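Q: I am new to this structure and would like to go through it step by step. Could we begin with the terms and then turn to the chains?

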Amino acid sequence: MSFFARFAQNRGALIGLIILTMIILMAILAPLLYPESPWRMVQRPFLSPMEVDGFVLGTDTMGRDVAAGLMHGAWVSLLIGLVSTAVALIIGVPLGAIAGYYGGLIDDGLMRFTEFFQTIPNFALAIVLVAIMQPSVTSIVLAIAIVSWPPVARLVRAEFMSLRHREYVEAARLVGQTNSTIILRQILPNTLSPIIVLASLMVATAILLESALSFLGLGDPNVMSWGYMIGAARTVIRQAWWLSFFPGIAILLTVLALNLVGEGLDDALNPKLARQRQ
Amino acid sequence: MSDTILSIRDLSLALPRGADRHYAVENVTYDVARGEVMCVVGESGSGKSMAANAVMGLLPKGVRATGGEILFDGQDLLTFSEDRHRHLRGRRIGMIFQEPMTALNPLMRAGDQIAEVFEAHGVLTPKERQAKALALLEEVGIPQPEKAIRAYPFELSGGQRQRVMIAMALALEPELLIADEPTTALDVTTQAQILELIRDLQQRHHMAVMFITHDFGVVAEIANRVCVMREGQVVELGSANDVLDTPKHAYTRALINAIPSNAVPPTRAEREPAPLLEVRQLHKVFRSRGGLFKPAREVVALHDVSFTLDRGETVGIVGESGSGKSTLGRCVVRLERPDSGELRLDGIDFTVLKGDALRRERKRVQMVFQDPYASLNPRTRVGMAIAQGPMANSVPREQALKQAEDLLELVGLGAKTAERFPHEFSGGQRQRIGIARALALNPELIVADEAVSALDVSIQAQILELLEDLKQKLSLSLLFITHDLRVAAQICDRIIVMQHGRIVEQGTAEEVFLSPREVYTRQLLDAIPGRAHEPAMA
Amino acid sequence: MLYARLITMRLMKAIVVLFLIIIFNFFLIHMAPGDPAAILAGEAGATDKEFLRQLRERFGLDQPIYVQLWHYVSGIATLDFGYSYRQQMPVLDLILQRLPATLLLTGTAFVLSLALGILAGSLAAARVKKVSGSLIMALALLFYATPLFWVALMAVVLFSVYLDWLPAYGMYTVGAGLEGFALVLDVAKHLILPATTLALFFMAIYTRITRASMLEASQQDYVKTARAKGLKDRVIQRRHILRNALLPIITLAGLQAGQMVGGAILTETVFAWPGIGRLMYEALMQRDYNLLLGIFFFSAALVIVFNIVTDLVYRLADPRIKEAS
């Protein structure tokens with residue numbers, strides 16, 4: 001069975017893929033449909049959804065178009081989710097690979113380092129980092145990457161540890177392959193599928209983290225984001241609940257879709273496990 | 001005497017769709033009488049365990065009965081509800097499994113796991129259950145039963161766990177005991193003890209035993225009657241003596257002949273002693289690193305091991321698990337570094353080599369591994385897997401790949417197979433690929449670590465033949481590590497017996513087998529299943 | 001004896017981690033753009049020249065960096081976390097004042113999420129191929145994907161604004177002057193929404209891991225042994241499968257403790273729950289970075305305590321560990 005056929009067998013994954021595609025389309029179409037800045041005041045404040053033509057989701061406390069904010073927010077969420085995950089992988093994969101392959105004191109040292117980062121409460125650390133570095137897309141991406149690489153390192157280490165004594169790896173050592181060849185050609189390719197699955201789930205978590213940071217007022221002040229929209233509307237929740245409701249749904253759908261896709265990838269990449277799970 | 005307790009009639013069990021065949025077993029018919037041991041024999045995939053699972057009502061998901069009946073004491077078990085079946089399990093039919101390491105709940109004390117059988121069927125008070133559990137542990141011959149009853153599985157050895165399993169299966173004195181490869185995971189001496197225990201208990205309780213095994217040696221040891229299965233069908237059925245001495249079916253004959261016989265190979269032509277490998281006073285201790293509050297643990301893996309291996313010779317290292325035989329092999333190929341001692345190959349001391357120097361020299365000694373499934377990278381085409389060695393030693397890619405094809409031809413797989421991935425091959429074929437990979441660097445010495453242990457007997461014989469053949473053709477020397485004395489007898493010129501990290505005895509194959517000097521060697525030889533039956537079999 | 005040794009060991013490790021966090025904080029202040037004194041003083045304090053001078057002196061900010069580090073570390077080692085200019089109180093006092101509320105909230109949410117998560121997960125595992133099992137998993141996925149702060153807000157809208165069942169803000173009714181049992185009841189009423197919304201996300205995690213871990217355990221050989229004994233399915237589920245499946249759940253629960261403290265920041269912010277999470281938000285709003293770092297240090301300490309507790313529980317649950325340690 002082909003990779004996609006296995007993926008599509010999981011109906012949830014297919015739905016997730018569709019939702020995700022729609023959100024990506026939203027991000028791409030945002031500058032076309034709403035070419036003006038989402039920060040611009042365009043109508044009187046507190047319009048409820050559908051109240052005035054052309055403002056499907058109404059306006060916020062400052063008279064900004066909620067629909068425009070939602071579309072532009074998609075771009076920011078996806079960007080921060082993807083880039084911070086990539087950075088976390090760049091930190092976590094080599095660390096985990098080296099710790100798992102060499103073992104011994106190197107492993108001890110690297111794992112203490114990883115444990116240290118795992119002990120620190122993630123979100124609190126992210127807050128402190130962004131607050132002190134000053135909020136910007138770069139500082140947010142860095143902060144999220146710094147708090148989310150430890151699981152990657154642990155996963156890769158565990159995979160390397162179980163594979164490094166596999167007989168084919170020992171055979172490679174015996175025929176004289178160098179350590180770097182063994183790591184890159186014998187072991188790493190066999191750890192890719194769990195890494196891919198973890199990465200897809202990490203994008204989801206990163207999006208949640210970003211929204212929580214901007215909810216607390218730690219978003220980049222130059223870009224519109226879903227978390228900011230909810231945070232800004234928090235004080236008027238009694239009068240205008242929809243201002244918080246729609247961005248929340250947007251976050252929920254994105255994160256849900258990414259999780260569904262992640263599960264589908266897991267099934268497709270590890271067909272044996274998937275059968276066991278059923 | 002033929003008072004039948006279990007009667008399987010025309011049983012067919014269908015496998016789920018997508019399996020490599022439609023039926024696990026097809027139209028299988030055999031009986032088990034009270035007080036007899038019925039051995040169901042077959043290689044992996046023969047469906048030998050499936051009928052037993054159906055008897056217990058423990059068929060794996062997706063497998064279902066499509067025809068026939070299973071009459072237990074006259075009643076058809078296939079018509080039983082899950083609840084009725086449950087009342088039978090443990091009470092009238094007991095079962096023991098292959099893996100003593102995983103068959104017990106790791107978080108429960110041995111005594112509680114036995115007492116659970118009584119609880120499951122509402123028998124006895126909790127206090128009586130514990131007392132009975134203790135009595136059972138005594139009966140199955142566990143040392144220090146008062147201690148064992150409070151022990152967790154991880155505190156018991158493999159043999160002891162299997163005894164706990166047996167105690168559990170016997171708790172309610174079932175009329176039928178199903179033993180599914182109960183000794184396969186055990187060392188020979190432990191295997192001999194467990195077989196004796198089962199035979200003993202069977203006679204004392206006048207139980208019927210359905211004994212599932214792949215090993216004709218075990219059959220000779222324990223069976224009254226034998227049922228030989230192949231690809232889901234019964235090929236031969238009869239009394240143990242008839243089947244072992246005068247097998248009618250060609251497949252049975254092939255299986256019996258494939259068992260490495262105890263007949264010691266004739267001493268080969270005298271060779272000029274030309275030592276290739278000289279091992280002197282090798283020591284190796286494994287230490288778990290201690291922590292601040294944790295004492296370091298030490299396990300002596302090798303103690304004062306010395307021997308030589310001549311050019312063109314095959315030396316067998318024989319021992320049970322924990323004897324240090326594998327560590328010795330791994331030291332020879334320098335996957336492990338000995339603590340002290342010398343290991344000279346052609347005069348070069350391998351123990352002192354490091355880094356790049358080691359990488360350059362180690363091609364002279366190569367290894368064939370045990371597990372045919374773990375020894376090949378699932379993402380590398382087999383041709384490439386073989387060529388990687390020469391390429392790492394600066395042979396151009398094209399040339400290395402061409403050479404790989406030749407090697408595949410040499411091990412009997414054909415050059416065309418180079419483009420395929422490992423999962424397209426069977427276990428025996430993969431082992432051939434592993435051998436080709438070891439040969440790619442033109443080594444002088446090959447270390448084969450349990451290289452045929454994971455294979456079915458018929459395949460075992462083929463691989464041994466291939467090794468012997470290649471050895472002659474390429475004038476190789478072979479260090480053959482195995483737990484199986486019968487295999488060692490078949491291929492080795494000289495044999496070294498190891499126990500607890502030390503060499504107990506070494507000598508020519510003839511000396512070790514026919515006139516062993518040490519007690520331990522004799523114990524090992526006596527423990528070989530089916531030994532008493534040997535003359536008839538050979 | 002064994003436990004005493006274990007706890008000492010864990011405490012020593014904890015001290016090392018906390019020490020590293022202090023150093024981390026120190027360098028964070030120095031990496032930040034701007035004058036370290038101004039950062040420590042906070043936005044409000046930075047306008048007070050006298051206060052800044054005091055700070056510079058106290059932390060030796062005109063001296064080499066290692067001297068500064070020494071000042072900083074030895075200050076915190078003697079439990080001196082500095083002064084919050086904005087709140088006109090020592091940081092330590094502020095935090096200790098708010099700590100009990102956070103402990104109550106996270107503790108309740110922790111127990112709630114674990115209990116409900118394990119229950120839901122085992123139900124889902126037992127009903128693997130049934131609609132009810134899939135429904136539980138779908139709900140778990142939904143909770144897992146929902147932003148915590150948003151659920152909290154929506155809960156306020158639904159249960160406080162529209163239904164008016166539960167109070168939306170604070171920890172007790174201000175000015176009611178309740179005592180004894182009435183006070184307990186009042187706090188409990190205020191606790192329901194924050195604790196439940198905080199627990200939801202973690203419940204989702206525990207549900208998923210419980211199900212996965214039980215399905216995995218049910219494949220093990222000892223389950224087949226248990227069935228061969230003739231044990232009832234219910235007993236096998238509970239005694240053999242669940243007990244073995246609990247081990248990875250305990251490990252995960254320990255790892256998630258840190259997330260829970262982080263989640264409390266959001267929950268406390270939404271519900272104006274007077275704990276250190278809310279305090280952190282206030283510090284953030286007022287750019288009171290010295291207070292922020294103090295809270296950060298304490299939240300890490302809290303996580304370490306959670307970790308030690310789960311470690312001890314794990315040792316109780318798994319007899320094999322005793323041998324190994």
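A: Buried means under 20% relative accessible area, exposed means over 50%, and partly exposed lies in between. The model in view is predicted. In chain A, buried residues make up 56% of the 278 residues.

Q: What box do the C-alpha atoms of chain A fill?
A: Taken along the principal axes, the box is roughly 75 × 45 × 30 Å. Chain A exposes about 11,300 Å², and carbon and sulfur atoms supply 68% of that area.

Q: And the contacts in chain A: how many link residues 24 or more positions apart?
A: Such residues account for 70% of the contacts in chain A with a separation of 6 or more.

Q: How many positive and negative side chains are there in chain A?
A: There are 17 positive and 16 negative side chains in chain A, and the centres of the two sets lie 6 Å apart.

Q: Now chain C, please. What are its helices and strands?
A: Chain C has 13 helices and two strands. Its C-alpha atoms fill a box of roughly 80 × 55 × 40 Å along the principal axes. Of the 325 residues in chain C, 54% are buried.

Q: What about the surface and the charges of chain C?
A: The accessible surface of chain C comes to about 14,600 Å², with 67% belonging to carbon and sulfur atoms. Chain C carries 28 positive and 20 negative side chains, and the centres of these two sets lie 18 Å apart.

Q: What share of the contacts in chain C join residues at least 24 apart?
A: The share is 72%, taken among contacts between residues at least 6 apart in sequence.

Q: Changing topic: how many aromatic pairs are there?
A: A search of the whole structure finds 21 aromatic pairs over all chains. One of them joins C:Phe26 and C:Phe27, whose ring centres are 5.3 Å apart; the planes meet at 85 degrees, so this pair is edge-to-face.

Q: Are those two residues buried or exposed?
A: C:Phe26 counts as buried because its relative accessibility is 4%. C:Phe27 counts as partly exposed, at 39% relative accessibility.

Q: Which kind of pair do C:Phe81 and C:Phe297 form?
A: The pair is tilted, because the planes of C:Phe81 and C:Phe297 are at 50 degrees, with the ring centres 5.4 Å apart. This pair links distant parts of the chain, 216 residues apart: C:Phe81 is in the loop between α4 (65-77) and β1 (83-84) of chain C, and C:Phe297 is in helix α12 (residues 289-317) of chain C.

Q: How buried is each of them?
A: C:Phe81 has 6% relative accessibility and so counts as buried. C:Phe297 is buried too, with a relative accessible area of 11%.

Q: Which residues do ring pairs link into a cluster?
A: The cluster consists of A:Trp241, A:Trp242, A:Phe245, A:Phe246 and C:Trp150.

Q: Which charges sit over rings?
A: Among them is the charged end of B:Arg84, which sits over the ring of B:Phe80, 3.9 Å from its centre. In chain C, C:Arg208 lies over the face of C:Tyr144, at 4.8 Å from the ring centre.

Q: Where is B:Gln113, and what is in contact with it?
A: B:Gln113 lies in helix α3 (residues 110-120) of chain B and counts as buried, at 2% relative accessibility. Leaving aside its neighbours within four places in sequence, B:Gln113 is in contact with B:Leu104, B:Asn105, B:Met108, B:Pro153, B:Met168 and C:Lys229. The C-alpha atoms of B:Gln113 and B:Val164 are separated by 8.8 Å, although these residues are 51 apart along the chain.

Q: One last topic: what is the phi of A:Gln134, and where is that residue?
A: Phi of A:Gln134 is near 75 degrees, a positive value in a residue other than glycine. Most residues other than glycine have a negative phi. A:Gln134 is found in the loop between α5 (122-133) and α6 (137-164) of chain A, and A:Gln134 is partly exposed, with a relative accessible area of 38%.

Q: And what is the phi of B:Gln144?
A: B:Gln144 has a positive phi of about 50 degrees although it is not a glycine. The residue lies in the loop between α4 (126-139) and α5 (145-148) of chain B.

Conventions: Residues are numbered from 1 along each chain as its sequence is written. Chains are lettered from A and ligands numbered from 1 in the order in which they are written. Side-chain values use heavy atoms; hydrogens and water are left out. Rings of Phe, Tyr and Trp (its six-membered ring) pair if their centres lie within 6.5 Å; planes under 30 degrees apart count as stacked, over 60 as edge-to-face and the rest as tilted. Buried means under 20% relative accessible area, exposed over 50%, partly exposed in between (1.4 Å probe, protein chains only). Helices (H or I, at least four residues) and strands (E, at least two) are DSSP runs, numbered from the N terminus. A charge sits over a ring if NZ of Lys or CZ of Arg is within 6 Å of the ring centre and within 35 degrees of the ring normal. Contact means heavy atoms within 4.5 Å. Accessible areas come from the Shrake-Rupley method with a 1.4 Å probe; for residues, only the protein chains shown count as cover. Lys and Arg count as positive and Asp and Glu as negative; His and the chain ends are not counted. The place of a charge is taken as NZ of Lys, CZ of Arg, CG of Asp or CD of Glu.
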